[in-house]
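Subject: Two-chain model for you

Hi,

Here is the structure I promised. My notes on the interface follow below it.

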There are 2 protein chains.
Amino acid sequence: MKEAPSPEQSSSTPRPWISAYAPATVGNLGPGFDCLGLAVHGPGDTVRARRRDQPGVLLSKITGDGGRLPLDASNTACVAVTALLERLGLADELGVELELDKGLPLGSGLGSSGASACAALLASAAALELQVGDEALIEAARRGEAVACGSPHPDNVAPAILGGIVLITSTDPLRLISLPVPERLRVVIYTPGCEVKTADARAVLPRTVGLDAVVRQAARLALLVHALHVGDLALLGEAVVDDIVEPARAHLIPGFLDAKINALEAGALACSISGAGPTCFALADSDERATALLDILDETFTLAGVAGKGAVERVGPGARVTSPALH
Amino acid sequence: MKEAPSPEQSSSTPRPWISAYAPATVGNLGPGFDCLGLAVHGPGDTVRARRRDQPGVLLSKITGDGGRLPLDASNTACVAVTALLERLGLADELGVELELDKGLPLGSGLGSSGASACAALLASAAALELQVGDEALIEAARRGEAVACGSPHPDNVAPAILGGIVLITSTDPLRLISLPVPERLRVVIYTPGCEVKTADARAVLPRTVGLDAVVRQAARLALLVHALHVGDLALLGEAVVDDIVEPARAHLIPGFLDAKINALEAGALACSISGAGPTCFALADSDERATALLDILDETFTLAGVAGKGAVERVGPGARVTSPALH
């Protein structure tokens, strides 16, 4: 059965663009290496998608990346959307065109690649009128992470889709727990003006860990979950201590150790590295404290010769369609 | 200033005996090696204490131990009470006589030495009319554990004092968190008729652990805490999995792996080793299920040639004074 194309479906008529947004995410959060992440309220990546007649994913434009990202099929956004279509058995039938607007700095430890993938997935699913559950979105986004970061780790894309604070209790099969978020929690993020290559950040990790350190780390992650459930921010700060990964990576970020000392002295609940860095985060229990901490981080990293930029954030919702407006 | 002794204080008049009880405890609980323990409702050790005129701790009688425990100052009960008196600066002034009735089998993985110490501390503090906080009691009991087990680990004595399910987030300084206990949780404990030497149970532990396993273990302990907070017993069962310690110790307990398979097939939420073993525990969500699991554990260990005994338990309160009756 063949039908004449309706005006909306004709290849000569522009299809509607759908915009979607996915937030920055802070991975690890101290003791939660590779299994805990948090979505921030503010910055993120935006992707516009529209249906096209040819099957496959076309990334036609990237803005905000300084020309550094590939437009071809290796882009994490393309990889993720292709993975979703393949999972649904629709890769030979459906096509979508994407435009990516990077709101997040590349390779900053804020889940930039994951945000692109998640925004692309949401926008594409809406443009193609696909009903897709969160788990399928996260699994597809992980394919993008495998290309962008070398492993399909979900600790950025899971909170980028679900929002809030997410514990990953198993990666295969994927099992996710959304944890309670205390109302007063503020997250100061600061991205110093230096680069940490993901390969370097992985290379410095210890391959094995002494059993004592394993016990301490597990107990702190357990304390973190307890602190979130009872809404005790002081206890949360006590829990956000990482003896294993942070010490290995600290020297990759000029000024980090000073920044941490200064932030804790100024009343930060905790201060550590976001994901693989170089972005650092500090936790606070009020806007006033958080604003003061942002100044301190800026001063310290500026003094270390790696001035950057930061913001005071709340924990925020996950990726969402923001606009069905026409192009 | 010197006073004539009152009749009650005369050395020739018997002082009142005070009895105290401390429960068995299940340490580790799967992913919580060395940082998680649970007090059971039922079996425990009982200590009677009465003031004596000579300073120091005298253990005058032990029952229920088959003659295996020392009556001298090296007994964990004496060590703990002496440590408490020293901590309070009263070791040269106060004296106490103890009688220990072992309700728990020795070296069974049920926190037997810790229970003796905790019961002795409670009874002594009451007999000497000392006001002592839980933390001081636990710190003193840890001195007993250092003698009995070679390290001052608190994962038995902390739940033995506090009751319930206790997370130890730091050992120095000691930091303890009492976790919520789901109403329907049942703990089946079974002590097979074999011995596991604490030294052997420690010797088989891996000294280092791969980073992947560290992440999995920490995430499971975090999930366990979450499951307790939300009261989700199925999720709790998912969390009580230990990839690090249980596999290293399983071969020390004949029949354990079969018992675990059989218990899980029969609907146990989880099944693992209590402390250093050989006691095993299984978790269940009803009395009926728990009773069936007890039968299965008994059958399996009997078939393995190490028949023992067990019970269906609830999580219970901590050590307590049970009787101020005269001797």
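E8(A) pairs with strand E8 (residues 208–210) of chain B in the antiparallel sense, over three bridges. Strands pair here if DSSP finds at least two bridges between them. A:Val209 has B:Val209 in E8(B) as its bridge partner. Helices (H or I, at least four residues) and strands (E, at least two) are DSSP runs, numbered from the N terminus.

Some ground rules. This is a predicted model, where local features need pLDDT of at least 70 and side-chain atom pairs count only at pLDDT 80 or more, while totals for chains, interfaces and linings use all residues. Residues are numbered from 1 along each chain as its sequence is written, chains are lettered from A and ligands numbered from 1 in the order in which they are written, and side-chain values use heavy atoms, with hydrogens and water left out.

Now the whole interface. Chain A puts 31 residues into the contact (heavy atoms within 4.5 Å), and chain B puts in 31 residues. Together the chains bury about 2,500 Å², 73% of it on carbon and sulfur atoms. Buried area is the accessible area (1.4 Å probe) that two parts lose on being put together, summed over both. In chain A, the most area is lost to chain B by A:Leu211, A:His226 and A:His229, together 21% of what that side buries.

The rule finds two salt bridges across the interface (a side-chain nitrogen of Lys or Arg within 4 Å of a carboxyl oxygen of Asp or Glu). One of them joins A:Glu238 to B:Arg175, with the closest N and O atoms 2.7 Å apart. On the chain A side, H6(A) gives the most, with 12 residues.

Best wishes
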